[in-house]
Amino acid sequence: MKLWHLKRDPIDFDENTELVVRAPRQRRAREIAASKAGDEGMAPWLDAKRSSCVELTQRGHEGTIVIRNNGS
């Protein structure tokens, strides 16, 4: 199973802006992200023009992958 990093620009408070999900392919990663949507709704996570979805590889330095909150 692959890890995917999804990211979108924040528009307002109480919205998800980044997620890391485990899925076999990009389309499923977007569906999982959409199912966890906050006030931004599902559409931005399903639309490649409104969010990015990049497969994470095993390469890289030790450390935190994502901490992002645009909370109220």
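Me: In what order do the strands of the open sheet stand, and is the pairing parallel or antiparallel?
Reply: This is a predicted model. In it, 3 strands make up an open sheet with the order β2-β1-β3, and the pairing is antiparallel. The edge strands are β2 and β3, since each of them pairs on one side only. Neighbouring strands of this sheet are turned by 25° against each other on average, direction ignored.

Me: Where does α1 go relative to the sheet?
Reply: Helix α1 packs on the sheet and touches β1, β2 and β3. The direction of α1 makes about 130° with that of β2.

Me: How many bridges join β1 to β2, and over how many does β1 pair with β3?
Reply: Strand β1 covers residues 2-7, and 6 bridges join β1 to β2, which is residues 18-23. On the β3 side, where the strand spans residues 52-56, the pairing runs over 5 bridges. Both pairings are antiparallel.

Me: Which residues are the bridge partners of L3?
Reply: L3 lies in β1. Its bridge partner in β2 is R22, and its bridge partner in β3 is L56. For the next residue to look at, take W4, which stands opposite E55 in β3.

Me: How should I think about the side chains along a strand?
Reply: In a regular strand, side chains alternate between the two faces of the sheet. Keep that in mind as you follow a strand on the screen.

Me: Is R22 buried or exposed, and what does R22 touch?
Reply: R22, in strand β2, has a relative accessibility of 53% and counts as exposed. The cut-off for exposed is over 50%, so 53% puts R22 in that class. Leaving aside residues up to four places away in sequence, R22 touches M1, K2, L3 and I32. R22 and I32 are 10 residues apart in sequence, and their C-alpha atoms are 8.7 Å apart in space.

Me: Which residues of α1 are buried, and what covers them?
Reply: The buried residues in α1 are A29, R30, I32, A33 and A34. Their cover includes β1, β2, β3 and α2, the helix at 43-46.

Me: How do I read a salt bridge, and how many does the whole structure have?
Reply: The general idea is that side chains of opposite charge can pair when their charged atoms come close. A search of the whole structure finds 3 salt bridges here. One of them joins the side chains of R8 and E15, with 3.3 Å from N to O. R8 and E15 are both buried.

Me: Which residues are linked in a network of salt bridges?
Reply: The network links R27, R28 and E31. R27 meets E31 at 3.4 Å, N to O. R28 also forms a salt bridge with E31, and there the closest N and O atoms are 3.3 Å apart.

Me: How exposed are R27, R28 and E31?
Reply: R27 is exposed, at a relative accessible area of 61%. R28 is partly exposed at 35%. E31 has 30% relative accessibility and also counts as partly exposed.

Me: Which residues form the nonpolar patch on the surface?
Reply: The patch consists of L3, V20 and I65, which together have about 240 Å² of accessible area. I65 counts as exposed, at 60% relative accessibility.

Me: Where is I65 placed, and what does I65 touch?
Reply: I65 sits in the segment after β3. Not counting residues up to four places away in sequence, I65 touches V20 and L56. L56 is also the bridge partner of L3 in β3.

Terms used: Residues numbered from 1 in each chain as written. Predicted model: local features only at pLDDT ≥ 70, side-chain atom pairs only at ≥ 80, totals over all residues. Heavy atoms only, no water. Salt bridge = Lys/Arg side-chain N within 4 Å of Asp/Glu carboxyl O. Buried < 20%, exposed > 50% of the residue type's maximum accessible area, 1.4 Å probe, protein only. Patch = residues over 30% accessible without salt bridge, like charges linked within 9 Å, V, L, I, M, F, W, Y side chains within 5 Å. Areas by Shrake-Rupley, 256 points an atom, 1.4 Å probe, with all protein chains shown as cover. Helix = DSSP H or I, 4+ residues; strand = E, 2+ residues; numbered from the N terminus. Pairing = 2+ DSSP bridges. Axes fitted to C-alpha atoms, helices over the stretch in contact; angles between N-to-C directions. Contact = heavy atoms within 4.5 Å.
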